[in-house]
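Reader: I would like to go through this model carefully, beginning with the chain as a whole and then turning to single side chains. Could you take my questions in that order?

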Amino acid sequence: MRNYYYTIALLLCLFYLGNNQYSLGQELLSYNEFDNQKQPNKTAKTMTFKKAMEQFGDHYGISFLYRKDLLDHQLVNSPSLSGDREKGLAELLAPLGVSYKELRKDYIVIFSSEEII
């Protein structure tokens, strides 16, 4: 019975803290969301690999072939859409440990750096 008092007291404290002017209880309950709100520039510069490849491909008019199950949900920096296409692609792929090979002018295959083609 005593354990219930502690639980109820904790819930009441969180409820009280979450409803006042500073909403400390909400901050405690959703720490990651609060942390992301403090640093909007950092989250704005990162995106999923899939979204980055869509932007890069649309800008340069190229298509990509890669293992979507391994790369689509990886977070990367937003692609550099100004300047040299090869340099921008290398900067985008380097942190993931993958390389690429251009099969045609508008078709690129992305593969693990350890694989041999």
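Author: What follows is a set of questions and answers on a predicted model.

Reader: How many helices and strands are there in the protein chain, and which pattern do they follow along the sequence?

Author: The protein chain contains 7 helices and 5 strands. Read along the sequence, these elements follow the pattern α-α-α-α-β-α-β-α-β-α-β-β.

Reader: What share of the residues in the protein chain is buried?

Author: The chain exposes about 9,100 Å², of which carbon and sulfur atoms supply 55%. Of its 117 residues, the share that counts as buried is 21%.

Reader: Is Phe56 buried or exposed, and what is its relative accessible area?

Author: Phe56 belongs to helix H5, which covers residues 49–60. Because buried means under 20% relative accessible area, Phe56 counts as buried, with a value of 0%.

Reader: Why are Phe56 and Tyr60 separated by about one helical turn?

Author: Phe56 and Tyr60 are separated by about one helical turn because they lie 4 residues apart in helix H5. Tyr60 counts as partly exposed, since its relative accessibility is 22%. The reason for the separation is thus the spacing within the helix, namely 4 residues.

Reader: Which residues form the aromatic cluster that includes Phe56?

Author: The count of aromatic pairs comes to 3. One of them joins Phe56 and Tyr60 in a tilted arrangement, with 4.8 Å centre to centre and 50° between the planes. Phe56 also forms a tilted pair with Phe64, at 6.2 Å centre to centre and 50° between the planes, and both of these residues are buried. The residues of the one cluster are Phe56, Tyr60 and Phe64.

Reader: Which side chain makes a polar contact with that of Arg85, and at what distance?

Author: Arg85 is placed in helix H7, residues 85–93, and counts as buried because its relative accessible area is 16%. Leaving aside residues up to four places away in sequence, Arg85 touches Phe56, Tyr60, Ile62, Glu102 and Lys105. The polar contact between side chains joins Arg85 to Glu102, at 2.9 Å.

Reader: Which residues form a nonpolar patch on the surface, and what is their accessible area together?

Author: Leu12, found in helix H1 (residues 2–19), is a member of this patch. Leu12 counts as exposed because its relative accessible area is 54%, and exposed means over 50%. The patch consists of Tyr4, Ile8 and Leu12, whose accessible area together is about 350 Å².

Conventions
Residues numbered from 1 in each chain as written. Predicted model: local features only at pLDDT ≥ 70, side-chain atom pairs only at ≥ 80, totals over all residues. Heavy atoms only, no water. Helix = DSSP H or I, 4+ residues; strand = E, 2+ residues; numbered from the N terminus. Buried < 20%, exposed > 50% of the residue type's maximum accessible area, 1.4 Å probe, protein only. Polar contact = N/O pair within 3.5 Å; in protein donor to acceptor, adjacent residues only side chain to side chain. Contact = heavy atoms within 4.5 Å. Patch = residues over 30% accessible without salt bridge, like charges linked within 9 Å, V, L, I, M, F, W, Y side chains within 5 Å. Areas by Shrake-Rupley, 256 points an atom, 1.4 Å probe, with all protein chains shown as cover. Salt bridge = Lys/Arg side-chain N within 4 Å of Asp/Glu carboxyl O. Phe/Tyr/Trp six-rings, centres within 6.5 Å; stacked < 30°, edge-to-face > 60°.
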